[in-house]
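Subject: Structure for your review

Dear colleague,

Please find below the structure that I am handing over to you. My notes on what was found in it follow directly after.

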Amino acid sequence: GGGDGGTVYVAFSGLQAALSVARPAVASGADVFAPVGLGGDAAGARAFPQLAAAEPDAAAAGERVAVQALALRCFLKLCGSPEFQMLLNQIRGKAVVFTGHSLGGAIAALAALHYLCISSLSSSCSPSPVLCVTFGSPLLGNEALSRAILRERWGGNFCNVVSQHDVVPRLLFCPLDAVPVHVIIGMQLQQWPGHTHHTGVMTTRVVDAEQEGLRQLIQAHVRTVAMEQKLVDPESRGGSPYRPFGAYVLCSPEGAACVDNSTAAVQMLYATFAACYTRGDTTSLEAAHSCYGDLVLKMPQNLLLKRHLHAMDVLASMSNSNYDAGISLAMEASGIGSEATEATTARYWLKASKRAGRSPSLNCAGLSTRLGRITPCRAQIEWYKASFDADMGYYDAFKQQRSPKKFGKANIYRLKLGQFWDGVLTMLDNSQLPHDFHRRAKWVNAARFYQLLVEPLDIADYHRNNLHKTRGGYITHGRDRRYELFDKWWKEKGAFSGTSTGDTSVTATARSKYAGLTQDPCFWARVEEAWDQTESAQAEHDVAMLAMKLGRLREFERYARELVESKEVSIDVLAPQSSYTRWVEEWKKLLLRDEARTASLF
Amino acid sequence: NTFVLNQGYFNNRVFFETVSQSANLETIKMKLWEQISSNIVLGAYNQIPEWQLKLGPRDRGPVLVILDDVWSLSQLEELVFKFPGCKTLVVSRLKFPTLVSRTYEMKLLGEEEALSVFCSAAFGQESVPQTADKKLVKQVAAECRGLPLALKVIGASLRDQPPMIWLSAKNRLSRGESISDSHETKLLERMAASVECLSGKVRECFLDLGCFPEDKKIPLDVLINIWMEIHDLDKPDAFAILMELSNKNLLTLVNDAQNKAGDLYSNYHDYSVTQHDVLRDLALHMSGRDSLNKRRRLVMPRREESLPRDWQRNKDLPFEAQIVSIHTGEMKESDWFQMSFPKAEVLILNFASSVYYLPSFIATMQNLKALVLINYGTTSATLDNLSAFTTLSDLRSLWLEKITLPPLPKSTIPLKNLRKISLVLCELNNSLRGSTMDLSMTFPRLSNLTIDHCVDLKELPPSVCEISSLESISLSNCHDLTELPYELGKLHCLSILRVYACPALWKLPPSVCSLKRLKYLDISQCINLTDLPEELGHLTNLEKIDMRECSRLRSLPRSSSSLKSLGHVVCDEETAMLWREAEQVIPDLRVQVAEECYNLDWLVD
């Protein structure tokens, strides 16, 4: 580790890792680089709680988050050491850059992930800035990890520098049992000044024929992955489970081009590699893997050079914009000539990557404006609610479509708000919004307010269309994803503030008036369930079953009564014609009947 | 009239003049000019040099001229000075949109103000005197509904009257009758100016307004339609009359109708008008001068449980009314008696119940052109005695509101002349479910079909596509409507297609693109519509598209650039971007970004 002003640099070496597998002479790629599920490993789950707990993502074909075995083992070993824990304490609150070359980069990435996990869980409100820069590192995790990182909005914290000729970053696209472990280990150890003196280590030089074979193998497999990616169907995926995440800087002697989404990264990893291969470049594998020092030194020079497009490109881009010219420059910098067969694909993906480039904070600002424009819809629904407060409550009015004109308006507002928030979540999933978006009070509160006001209407709609009979209960089967997320945000927010103000806040703000909105968004779904239960209890003849049903109803009755007594419900719940008020009446009748029945037994 | 003016700005140079109807304009002009210029003018007004009038008095600062009680545009044109720094404030019962740049509508009086105006007319003091029955006074004043004129006239007519007369006045007012001849004549005298100066047709149109129930919004569509039928007007003329009455404050347009209803393609059923009770009473009174059987409009002024007794008394003779308006609660077979309406062209049945027995005299109304059934109850009503419909061969338009439509049997007798059907807040499911009837046989000439707020409508019966005479289809606020009939493109006469505020609609049938005559397409607020049919560009006659709040619509069909007649697109900011390409190709295209507006009118039923 080293310090520079406010920034701490922590560098990792892959040497220990290499040595650990260099000893057993026969190590196959399938063992060393096998993906290990984070959730399955106790230490792993402790180090990366969010990632281990992440639910299987539909987009990742239901996989769990898994990372490369070798890197995980080394990291966990390191993590257990007191030195590392001390280091973590020292760097708390400072800007940190984790870095490493080759296998060391993979460990650095795990360390950065660990640091991000623990600092986002701790109570400090603004996590300190973290950057992880890897040089020529092998892939670390599967598609699920890539998605999880996107969801946590950590993609921007990772930067992977890859040289055009380097095989290592592209190695894990191959099927794992085909990975020649000794080559990697050999290249790793070569960097170590004392490697020649080390006994029992395998040959250090890779023979030319083997080099060529390895290149072909890698090119073939990266190509497969790149092709498969264009097919949207996740079922058709085969081969290696590993996928890139974070930003990729693709270096060539001409400069560097950057892409920031994983699809584009795969495509560019293939295109750059294939381009140099067709050019007939024959740099040795070792040289390609150890050239990063030179590349980094050259980078500032490249920036200073005044760039000119090749004559052909100039002609081609005459009619086009500066934007196209910029893409052409990026192509050149990544080492793909305009004559290469991969040029068109590379061009497309560079464009795709640049287009998605509106910064998250800019998106967020735009979203605030849109929130402002959509808020009147919410106000309108509040008016709608108020107009039924004295009568049957807005839940029942909406369910029965009372006053069709009012219903119509309210329904449109409900749908518009739903679309708005779904749009927000889509942006969030695509990491187009700032990483701490779901912790910003403004958004958490707006989402909560929306949820408390509108979810009852969604529940009403669900029951009006009898979906609870065809699909199952609302809470388990009918809830929109947005509501579950907003619940989570709200709970997390409570957890944050809970540490500072403590439990006193609960007692201090005991309500003197009924809440503006019922604080349990699913309250009405529970009322509906209670109605169903009551009806089935009324028809029940079996004593044991009846007792069970009554028990469940009693539980609900107690829950609802407490909610009402603590004034956590809005006035509409207690409206004279509301289904809750009517249920209470029904429940009393049922109890009387039950008492009469039991009395008659004795 | 009381004004609070900032005297400081005009530095006491404020000149007040009451104009009134029969004013001598020459004198007023002269007087004002003398005051403004502080000069005595010798000779006639028109001898003043033009330049003096144009430049105004020198170095005197701003001037305010207040003209009270102005009655016509021509008067006003004469009296407005146009030199710089001169402002004119006009107080009038009419609006002068062409000359006056800003109009401030005076509200009707509030309860307290109304009472003090009333008291000063009735007792010569501003509050209720100790000796009077405070409650009764308040009730009578309340009947005037804040209209200053009525307060004054009625107050004055009750001056020094015994309590018995007050009580009868209250009762008569609440029944919509005039309290005494003097009240009637005075009110008429004062109002006459507004009404009598109307031209013949406009006056008749004003009187028609009395046929609608008090305190209810009158659907603009119904009103315009009735005017068109019985006064032989075409739509623009009817609309012009509407605007004239509105400018003279004889009716009020609600729901922003003023700005929007004038649009060429706007649908009128979204808008409505209201009329002040006193004006309605006036209309009723004026059209009730003839004897019952001779009246042109036979109207029940208030809702009653049964038909009026004097109708029954006169039922042996035919009624010559052109418009018949009946306002009741529930009606059973026994509540009706036979009447004969040989000349009736419009029948308005207002009621509030869940079952309604149709009067059998409908069958004898050979000239009936428009039938309006409006249910003001909370739930939709089922109709009984449907056989009354069978002989309505002349019926041209039908408006049903909050009615459960009966199933249409195969043998339904065709309504040969029916042009227009409007179903508002109706329940249609029973009627449409499993309906195999050929609608084109039942409604061979139907040209306008409007379905609004029918929440249970899931789809239109496919046989709608066989009614080849259809020119306009309007489906709105049907929240369960998911699709339009597949063969909609068969309607080769269709020029207007409105499908708005149907949030469940997710696509338009591709055959829409073969509607060669389509001029107007409204898909606003179809918030789940994801794309438009690919061949939209074939609609070469399409002039206007309204696509506000179609938030799911992220792209336009490539062919949309070939909509060569398209002149106007109304949409949101996001969707406006989609039209950018087409805008460059279609020469006259104007893309208008609509402002979202929110109001609380929808909360009032």
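**Salt bridges**

K490(B) is partly exposed, with a relative accessible area of 37%. Its salt-bridge partner is E487(B), and the closest N and O atoms of the two are 3.6 Å apart. E487(B) is likewise partly exposed, at 39% relative accessibility. Please bear in mind throughout that this is a predicted model.

Beyond this pair, salt bridges that share partners link R414(A), D422(A), D458(A), D461(A), R464(A), D480(A), R482(A) and D480(B) into one network. Over all chains, the count of salt bridges comes to 35.

Another pair lies within chain A: the side chains of R526(A) and D520(A) form a salt bridge, with 2.8 Å from N to O. R526(A) is partly exposed, its relative accessible area being 29%, whereas D520(A) counts as buried at 11%.

**Chain A as a whole**

Chain A has 28 helices and 11 strands. Of its 602 residues, 49% are buried. Among the contacts in chain A with a separation of 6 or more, 80% are between residues 24 or more positions apart. The chain exposes about 28,000 Å², and carbon and sulfur atoms supply 57% of that area.

**The interface of chains A and B**

At the interface, 24 residues of chain A are in contact with 22 residues of chain B. The area buried between the two chains is about 2,200 Å², with carbon and sulfur atoms giving 59% of it. K405(A), I412(A) and Q419(A) supply 26% of the area that chain A buries against chain B, more than any other three residues.

Which elements of chain A each supply at least two residues of the side that touches chain B? They are α18 (360-388) and α20 (404-429). The largest share of that side, 13 residues, comes from α20(A).

The rule finds 4 salt bridges across the interface. One salt bridge between the two chains is formed by R373(A) and E574(B), whose closest N and O atoms are 3.8 Å apart. Another is that of E549(B) with K416(A), at 2.7 Å from N to O. E549(B) lies in the loop between β20 (544-547) and β21 (568-571) of chain B and K416(A) in helix α20 of chain A, so this pair joins two chains. Both partners are buried: E549(B) has a relative accessible area of 15%, and K416(A) has one of 10%.

**Strands of chain B**

In chain B, 3 strands form an open sheet with parallel pairing, in the order β10-β12-β14. Its edge strands are β10 (355-357) and β14 (403-404), each of which pairs on one side only. β10(B) pairs in the parallel sense with β12 (residues 381-384) over 3 bridges, and Y357(B) stands opposite D384(B) in β12(B).

I would also draw your attention to β13(B). Is this strand enclosed or open to the outside? 5 of the 5 residues of β13 (residues 397-401) are buried, so the strand is largely enclosed by the rest of the structure. Both of its faces are covered: S397(B), W399(B) and E401(B) are buried on one side, and L398(B) and L400(B) on the other.

β13(B) has parallel pairings with two further strands of chain B. Strand β11 (residues 370-375) is joined to β13(B) by 5 bridges, with W399(B) as the bridge partner of V372(B). Strand β15 (residues 420-424) also pairs with β13(B) in the parallel sense over 5 bridges, and there L398(B) stands opposite I421(B).

**Two further sites in chain B**

S511(B) is found in the loop between β18 (496-500) and β19 (520-522). A polar atom of the side chain of S511(B) lies 2.7 Å from the backbone oxygen of Y486(B). Apart from neighbours within four places in sequence, S511(B) is in contact with Y486(B), E487(B), L488(B) and G489(B).

Q75(B) lies in helix α4 (residues 73-79) and is buried, with a relative accessible area of 6%. The C-alpha atoms of Q75(B) and S20(B) are separated by 9.7 Å, while the two residues are 55 residues apart along the chain.

Yours sincerely

Methods. Residues are numbered from 1 along each chain as its sequence is written. Chains are lettered from A and ligands numbered from 1 in the order in which they are written. This is a predicted model: local features need pLDDT of at least 70, side-chain atom pairs count only at pLDDT 80 or more; totals for chains, interfaces and linings use all residues. Side-chain values use heavy atoms; hydrogens and water are left out. Helices (H or I, at least four residues) and strands (E, at least two) are DSSP runs, numbered from the N terminus. Buried means under 20% relative accessible area, exposed over 50%, partly exposed in between (1.4 Å probe, protein chains only). Contact means heavy atoms within 4.5 Å. Accessible areas come from the Shrake-Rupley method with a 1.4 Å probe; for residues, only the protein chains shown count as cover. Two strands pair if DSSP finds at least two bridges between them. Buried area is the accessible area (1.4 Å probe) that two parts lose on being put together, summed over both. A polar contact is a pair of N or O atoms within 3.5 Å; within protein, one must be able to donate a hydrogen and the other to accept it, and residues adjacent in sequence count only if both atoms are side-chain atoms.
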